[in-house]
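Reader: I'm new to this one, could you walk me through it?

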Amino acid sequence: THTGSPASNAKEQQKESTPSMSTLEFNGAAIVLLSAFMSYACAVSGTRGASALKTSLHMMFGNGTLCLVGSWVFNDYSWTDRLWSVTPFFYTLYFAYDSQWDMRCSLMAAFTFLWSARLTYNFARKGGYKIGEQDYRWPWLQAKVHTFSPSYHLALWHVFNATFIAYYQQVLLYLIALPTAVTAQNSSPLIWLDYVAVLVFVAAFATESIADEQQWNFQQEKYKQRPRRKELAQDYSQGFLSHGLFAYSRHPNFFGEQILWVAIFLFSVAAIGPDKVSRTHAYTTHTHTQPSLPLPTTVSLAHTHTTHTHIHTTPSPCLPQSLSLSFSFSLSRSLFLSLARSRALSCSPSGSLALFLFSLSRISLTNTHTLPLSLS
């Protein structure tokens, strides 16, 4: 009988056996089919162009609702986990369709499909699509809520489930696919930055794939599903891998995940144009007439007035560059921390808020005003 904390008990129950592909159940994968059908229905019923963003938001809300209803029906709170690897692909595929299969958007959709297929396979072989095989952190968190408020724990938990587990995480999944929407609105030929993005994606994808495979093999050997290797004896005793890519980083798979989505972001920068991102000022041109003066200006001999063209450095109606860049990467960092670590309480909401406030504080530190609002 386990006598430890709810978290340790849940961990031990989860570690008692590591499933093999032959014994997996995929009854929970039905939500993937429902999400795919719902996304398709939204895509064919919507119109291309300006309403594409609205249609994709409907898709996001529908996915959140599927997860919420699934948690109510099956008392299982890992439905978002089962959609985690597929919904970004659904969004990018829809944006590529909306762009009339623009080359850059199609590349982004293809790369997102590779990411989706690999992560779905990795999740499936761990038993993630079996109803009841939920993340051990949710039962642990439920116990914490009960301890915090025995009288109102059910109400508090259902509020947390509806806001954070079901919908907030779907917003995260939507945001990491949003650069494809920016790209769809700014169709242009491929440039050098696209090829850089391709190389970065391939390197990050390979890093994540190799690291996950090394981790999977180690876990199989650790729980004696496979023969153990003598050179990993110390790793088995300490409980975590420190060979292969894990000799250089504690979480090389999460590092690959982060860089992979930065590569997707670079495609949107290429679509808008690096020159628009790198310029330090937005210029506004004013033309007016005034009496001729002996100034180094262009004089019109056909008129008695000289036309002067003045270039004023005025703020553009877009967000300041400091806010845009800081918020984009701060939010990205929070998203990836949410994916790589605990999605329970500490990482996403507080991390997003703190980093966003930090980016706001940087507005006064610069006079640059160039990054388009769509990119931010």
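Author: What follows goes through the charged pairs, the rings, the cysteines and a surface patch. This is a predicted model, in which local features need pLDDT of at least 70 and side-chain atom pairs count only at pLDDT 80 or more, while totals for chains, interfaces and linings use all residues. Residues are numbered from 1 along each chain as its sequence is written, and side-chain values use heavy atoms, with hydrogens and water left out.

Reader: OK, how many salt bridges does a search of the whole structure find?

Author: The search finds seven salt bridges, a salt bridge being a side-chain nitrogen of Lys or Arg within 4 Å of a carboxyl oxygen of Asp or Glu. In general, side chains of opposite charge can pair when their charged atoms come close.

Reader: Which residue does R82 form a salt bridge with?

Author: R82 pairs with D76, and their closest N and O atoms are 2.9 Å apart. Both R82 and D76 are buried, where buried means under 20% relative accessible area, exposed means over 50%, and partly exposed is in between (1.4 Å probe, protein chains only). The charged end of R82 also sits over the ring of W79, 4.5 Å from the ring centre; for this, NZ of Lys or CZ of Arg must be within 6 Å of the ring centre and within 35 degrees of the ring normal.

Reader: And W79, is that buried or exposed?

Author: W79 counts as buried, at 5% relative accessibility.

Reader: What about the rings, how many aromatic pairs does the structure hold?

Author: It holds 19 aromatic pairs, counted when rings of Phe, Tyr and Trp (its six-membered ring) have centres within 6.5 Å, with planes under 30 degrees apart called stacked, over 60 edge-to-face and the rest tilted. F74 and W79 make a tilted pair, because their ring centres are 5.4 Å apart and their planes stand at 45°. Y97 and W101, on the other hand, form an edge-to-face pair, with 6.4 Å from centre to centre and 70° between the planes.

Reader: Which residues do ring pairs link into a cluster?

Author: The cluster is made of Y77, W138, W157, F160, F164 and Y168.

Reader: How many disulfides does the search find?

Author: Zero disulfides are found in the whole structure, a disulfide being a pair of cysteine sulfur atoms within 2.5 Å. C42 is buried, with 16% relative accessible area, and C67 is buried too, at 3%.

Reader: Last one: which residues make the nonpolar surface patch?

Author: V69, W72, V73 and F74 make a nonpolar patch of about 420 Å². Patches are built from residues with over 30% relative accessible area and no salt bridge, joining like charges within 9 Å and nonpolar side chains (Val, Leu, Ile, Met, Phe, Trp, Tyr) within 5 Å, and accessible areas come from the Shrake-Rupley method with a 1.4 Å probe, where for residues only the protein chains shown count as cover. V73 is found in helix α3 (residues 52-74) and counts as exposed at 57% relative accessibility, whereas F74 is partly exposed at 43%.

Technical notes
Helices (H or I, at least four residues) and strands (E, at least two) are DSSP runs, numbered from the N terminus.
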